Amino acid sequence: MSKLLKDLVNDASDFLDEICEHLDAHAPGLGDYEHIAKHYGYKDSTIRSRFKSSPDGPSKALISSIIAKHPDVTVESFAEVVVHRTQREDVARLLREFDRK
């Protein structure tokens, strides 16, 4: 059974930081945190005002917001959204590695 996404945020390891660094960085031909935010129903204005300007980075702010709105999201279901919306296999691999530990 997959861990809850909130377990990633509460974990003392560097997985969250590494995952967010990947999602925050623009990669040609691949999506980023904005594509994931849209999947979870966030509007462009929210993405710009709340996530893009967050001092901890947009992906951390997005993940925290997803957890608040959807506390039952699992790491695996989030990884599937990441792959489907962004084609970021590198991020999905990190998420699944965390999920197995």
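Which residue forms a salt bridge with Asp-11, and how far apart are the closest N and O atoms? The partner is Lys-101, and the closest N and O atoms are 3.3 Å apart.

## Basis of the model

The structure is a predicted model, in which local features need pLDDT of at least 70 and side-chain atom pairs count only at pLDDT 80 or more, while totals for chains, interfaces and linings use all residues. Residues are numbered from 1 along each chain as its sequence is written, and side-chain values use heavy atoms, with hydrogens and water left out.

## Salt bridges

Side chains of opposite charge can pair when their charged atoms come close. A salt bridge is defined here as a side-chain nitrogen of Lys or Arg within 4 Å of a carboxyl oxygen of Asp or Glu. The search of the whole structure finds 6 salt bridges, one of them between Asp-11 and Lys-101. Asp-11 lies in the loop between α1 (5-10) and α2 (15-24) and Lys-101 in the segment after α7 (89-100), so this pair ties together parts that are 90 residues apart in sequence. Helices are DSSP runs (H or I, at least four residues), numbered from the N terminus. Asp-11 has a relative accessible area of 25% and is partly exposed; buried means under 20% relative accessible area, exposed over 50%, and partly exposed in between, with a 1.4 Å probe and protein chains only.

Another salt bridge joins the side chains of Lys-52 and Glu-34, at 3.9 Å from N to O. This pair links distant parts of the chain, with Lys-52 in helix α4 (residues 44-52) and Glu-34 in helix α3 (residues 33-39), 18 residues apart. Lys-52 is exposed, at 51% relative accessibility, whereas Glu-34 is partly exposed, at 25%. Arg-88 pairs with Asp-90 in a further salt bridge, where the closest N and O atoms are 3.1 Å apart. Arg-88 itself is buried, at 4% relative accessibility.

## A negative surface patch

Asp-14, Glu-18, Glu-21 and Glu-97 form a negative surface patch. Patches of charge are made of residues with over 30% relative accessible area and no salt bridge, like charges being joined within 9 Å. Asp and Glu count as negative, and the place of a charge is taken as CG of Asp or CD of Glu.

## An aromatic pair

The structure holds 3 aromatic pairs. Among them, Tyr-42 and Phe-51 form an edge-to-face pair, with 5.1 Å from centre to centre and 80° between the planes. Rings pair if their centres lie within 6.5 Å, and planes over 60 degrees apart count as edge-to-face. Both residues are buried: Tyr-42 has a relative accessibility of 7% and Phe-51 one of 0%.

## Loop residues and a helix position

Gln-87 lies in the loop between α6 (75-86) and α7. Its phi is near 60°, a positive value in a residue other than glycine, and Gln-87 is partly exposed at 44% relative accessibility. Asp-56 is found in the loop between α4 and α5 (58-69) and is exposed, at 57%. The C-alpha atoms of Asp-56 and Asp-17 are separated by 9.7 Å, and the two residues are 39 residues apart along the chain.

Arg-93 is found in helix α7 and is exposed, with a relative accessible area of 53%. Arg-93 and Asp-11 are 82 residues apart along the chain, and their C-alpha atoms are separated by 17 Å.

How values were computed. Helix = DSSP H or I, 4+ residues; strand = E, 2+ residues; numbered from the N terminus. Patch = residues over 30% accessible without salt bridge, like charges linked within 9 Å, V, L, I, M, F, W, Y side chains within 5 Å. Areas by Shrake-Rupley, 256 points an atom, 1.4 Å probe, with all protein chains shown as cover. Phe/Tyr/Trp six-rings, centres within 6.5 Å; stacked < 30°, edge-to-face > 60°.
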